[in-house]
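Here is a short briefing for a first look at this structure. Keep the 3D view open while reading.

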Amino acid sequence: MEVKFSRPAHHRWIEFAVEKAIFGAGIISIIFVALIFLFLLKEGLVLFRHYPFTNFFFGIQWSPISEPPRLGIVPLILGSLAVTLGAVVMAVPLGVCAAIYIAEIAPGWLKDILKGTVEFLAAIPSIVLGFIGLVTLVPMVKNIFHIPTGLTAFSGSIMLAFMAMPTIVSMMEDSLRAVPRAYREGALALGATRWQTIYRVLIPAASSGILAAVMLGIGRVIGETMAVMMITGNSARLPTTLLEPVRTMTATIAAEMGEAVQGSTHYSSLFAIGIVLFIITFLINLTASAFIKRRK
Amino acid sequence: MSETKLQIQNLSLYYGTHQVLKNICLDVLSHEILGIIGPASSGKTSLLRALNRLNDDVPKFRKEGEVLLEGENIYTDLPVWMVRKRIGMIFALPTPLPLSIYENVAYGPRVHGMNQKKILDKIVEETLQSAFLWDEVKDRLDHPAMRLSGGQQQRLCIARTLAVQPEVILYDEPCSGLDPISTAKVEEAMTMLKSRYTQILVTNNTKQAARVSDRTAFFLMGEMVEINKTEKIFTIPQDKRTEDYVSGRFG
């Protein structure tokens, strides 16, 4: 039987419209990112008209309402760094082990429960984790180390390690599971034990995914604000140990933006901190995606 | 011929309730190449996986019957790593590890505790020569194994298996993805290895079994229909089903 097809003319228009709409949606997200960055630059760079560049980046005192204001961000960067590094040191080894256990060792039913639970941890709002930390962790740190206050960089690190874990575990587990079965069987068939297979074949094969997971975890930690503000003590002094109150860059912006006079030096200095943060997270994400690309 | 290397006694394999191998009794002799032919899902691959104990980690896998390697039960008398060291396996798709050529071969000896660079160098060279690969790769041992061609990868896998000094080598359709020239090289390697190893070759290519194996077994639907000297299987098969299969009337 011969069938004659005649497509209605509007099909072509639908095709055209859908294509353009999708293109538009895609381009809008790029435009937004560009606009946000431009706005940040515009509001932040004004600062350096009134305030010397070097004093901002290398100044070790942050007292924006003193006269004249001192806007050195070294204590804030160190605060962020201390909290982040502490969190990474705790979250990465734990996360790697958890991911290996879930991907390679746990039996099927337990695997599902564990993975589900870890991902559920990501769903807890950070503010909730923050106040749980405030009432449980902070007094604990204070008592264990016999220090005047438990509101320290160390407490913040523990809290943030919890927040970074789900990202790290779940991404690492995915990349371990993506390792072809053939590698596993190839190694096992030579007489390698399970641990030898994991250590010498699976981890190297999944290494780019593992590194990407770590980078994204760091990105999550460095950008976190509320919980850190609640439990790190919020004191913008130069920290010397992890057991002192610190203040991160994010917390500074959140705490001071409300009271800064719009257009003032203080106001634009907060935006300048925003630029610094933006660049740091951007670099971290860039590194992460470089690792992910290398995997392909 | 010579003495028995591997005794398979009343072996039945199940995945869940599905029986894939039915009461197989088979003796594999030292230094022979035993070809196993048969259509898809006849249980050939399952048999090899059971001999290397690769099914251990498969959920719901169950076996009945025993396998003896020189009289020792591979499921109860020997630790699993020892079984896999003594009975090596080559897979259908070449499976080099994501390491350099050198490290692929050295991987096996390393997991078994060999760390002396000099001895590893020697093992790598000797096994690559046995697998007819040395001349093609000797100048680029540090290159990633993934960059080799399919045929070279498969010979690398043979070298890797030889490096742990196995006694039995199992081949699971080793040439299914290879061109005729690569296939010939793999077959040549197998023939040369006869003096030192016992080899079992599962293949979908009946001609390959005819070319390289000393004895051939025909499997169908989990049963071993017939086993005999290769020339007999291909010229005067005892069973009608074998005859139909080797003459290409089905399968």
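Chain B contains 10 helices and 10 strands. The model is predicted.

**Overall build of chain B**
- The C-alpha trace of chain B spans about 55 × 40 × 35 Å along its principal axes.
- A compact globule of 251 residues would have a radius of gyration near 18 Å, and chain B agrees because its value is 18 Å.
- Of the 251 residues in chain B, 45% are buried.
- Take the contacts in chain B between residues at least 6 apart in sequence: 68% of them join residues at least 24 apart.

**Helices α3(B) and α6(B)**
- The axes of α3(B) and α6(B) come within 7 Å. They cross at roughly 35 degrees.
- The crossing of α3(B) past α6(B) is right-handed.
- From α3(B), the contact uses B:Ile101, B:Asn104, B:Val105, B:Tyr107 and B:Gly108. From α6(B) come B:Leu156, B:Ala159 and B:Arg160.
- Five residues of this helix contact are nonpolar, two are polar and one is charged.

**Contact between chains B and A**
- Chain B gives 20 residues to the contact, and chain A gives 17 residues.
- On the side of chain B that touches chain A, at least two residues come from each of α2 (80–86), β6 (87–90), α3 (101–111) and α6 (150–162).
- That side of chain B has 11 nonpolar, six polar and three charged residues.

Methods
Residues are numbered from 1 along each chain as its sequence is written. Chains are lettered from A and ligands numbered from 1 in the order in which they are written. This is a predicted model: local features need pLDDT of at least 70, side-chain atom pairs count only at pLDDT 80 or more; totals for chains, interfaces and linings use all residues. Two residues are in contact if their C-beta atoms, placed from the backbone, lie within 7 Å. Helices (H or I, at least four residues) and strands (E, at least two) are DSSP runs, numbered from the N terminus. Ala, Val, Leu, Ile, Met, Phe, Trp, Tyr, Cys and Pro count as nonpolar, Asp, Glu, Lys and Arg as charged, and the others, Gly among them, as polar. Axes are lines fitted to C-alpha atoms, for helices over the stretch in contact, and angles run from 0 to 180 degrees between N-to-C directions. A crossing is left-handed if the near helix is turned anticlockwise from the far one by less than a right angle, and right-handed if clockwise. The radius of gyration is taken over C-alpha atoms; the globule rule is 2.2 Å times the number of residues to the power 0.38. A residue is buried if 20 or more other C-beta atoms lie within 10 Å of its own, exposed if 12 or fewer, and partly exposed in between; C-beta atoms are placed from the backbone.
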